[in-house]
Amino acid sequence: QPRALLIANEVLCLLEAGYADGALTRWRSLHELVVVAMFLSQYGDGAARSYQLSMWFANMRAANQHNKHAKRAGLTLINSEEIGQIQQACQIAENELGRRLQSDWDWAGPFLGKDRPTFADLEKEVELDHWRPRYKWACQHTHAGFVRPDRLLGMSEARSPLFLVGASNSGLTDPIQMTAISLLQITTN
């Protein structure tokens, strides 16, 4: 809930500054929180504990990736003592869960009866899969796939083709409406 409120405030700041597409991308994160909150509410303490413990496996994957690229990226290696602490936490988590989590959504696997669940699987389980088109729409601005310049929210009222490179007063309604709905969803859960 506190994280959802923080993201909602970020959406508001982006909208007030005229960045509807950026606000839509922050709503995407809010939607992910809503789906997880609803899933945890549905499956209870066991799912919540699995979700919490997944942090250690994510930390281990991130630390390994960091060290793999540290020299080339000009970063300091994470030292062996810190790596050992994360490995120890992973082992404790693995013992408690009875398995090692390999990917971001593995924590939900036993509750879904799937080995490699996806976020879409969680959306479907909590009956929010009808939001998938909006979620994918929000992903367009997050990822580097080609999007026609006139398809940006900030260009929704443009009368001629332009490249948006700054703030706009167009397209503000959808992100704030979707944010309000998501805040209601997470608050009730």
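Arg3, Ala4, Ile7, Glu10, Val11, Leu14 and Leu15 from helix α1 meet a set of residues in helix α2: Ala20, Gly22, Ala23, Arg26, Trp27, Ser29, Leu30, Leu33 and Tyr51. Sort the residues of this α1–α2 contact by class and you get eleven nonpolar, two polar and three charged. Keep in mind that you're looking at a predicted model. Here's a quick tour, starting with those two helices.

**How α1 and α2 pack**

- To describe two packed helices, you give the angle between their axes and the distance between the axes.
- Helix α1 covers residues 2–16 and helix α2 covers residues 20–73; their axes come within 8 Å and cross at roughly 170°.
- Angles over 145 degrees count as roughly antiparallel, so α1 is roughly antiparallel to α2.

- Side chains of opposite charge can pair up when their charged atoms come close.
- The structure has seven salt bridges by count.
- One of them joins Arg26 and Glu10, whose closest N and O atoms are 2.7 Å apart.
- Because Arg26 sits in helix α2 and Glu10 in helix α1, this pair ties together parts that are 16 residues apart in sequence.
- Both partners also turn up in the α1–α2 contact list.

**The largest pocket**

- Look for a space of about 320 Å³: that's the largest pocket.
- Its lining is made of 14 residues, and Arg3, Val36, Tyr51, Asp104 and Trp105 are the ones nearest the centre.
- Helix α2 gives the largest share of the pocket lining, with nine residues.
- Split by class, the pocket lining has seven nonpolar, three polar and four charged residues.

**The largest cavity**

- Searching the whole structure turns up one cavity of 30 Å³ or more.
- The largest cavity has a volume of about 60 Å³.
- Around the largest cavity you'll find Asp21, Leu24, Trp137, Gln140, His141, Val147, Arg151 and Leu152.
- Helix α2 shows up here too: α2 and α6 (132–142) each supply at least two residues of the cavity lining.
- The largest share, three residues, comes from α6.
- By class, the cavity lining comes out as four nonpolar, two polar and two charged residues.

Notes
Residues are numbered from 1 along each chain as its sequence is written. This is a predicted model: local features need pLDDT of at least 70, side-chain atom pairs count only at pLDDT 80 or more; totals for chains, interfaces and linings use all residues. Side-chain values use heavy atoms; hydrogens and water are left out. Axes are lines fitted to C-alpha atoms, for helices over the stretch in contact, and angles run from 0 to 180 degrees between N-to-C directions. Helices (H or I, at least four residues) and strands (E, at least two) are DSSP runs, numbered from the N terminus. Angles under 35 degrees count as roughly parallel, over 145 as roughly antiparallel, 65 to 115 as roughly perpendicular and the rest as oblique. Contact means heavy atoms within 4.5 Å. Ala, Val, Leu, Ile, Met, Phe, Trp, Tyr, Cys and Pro count as nonpolar, Asp, Glu, Lys and Arg as charged, and the others, Gly among them, as polar. On a 1 Å grid over the protein atoms alone, a cavity is a set of points where a 1.4 Å probe fits but cannot get out, and a pocket is an open set with protein on both sides within 12 Å along at least five of seven lines; lining residues have an atom within 4 Å of a point. Grid points are joined across faces, edges and corners, and a volume is the space filled by probe spheres set on the points. A salt bridge is a side-chain nitrogen of Lys or Arg within 4 Å of a carboxyl oxygen of Asp or Glu.
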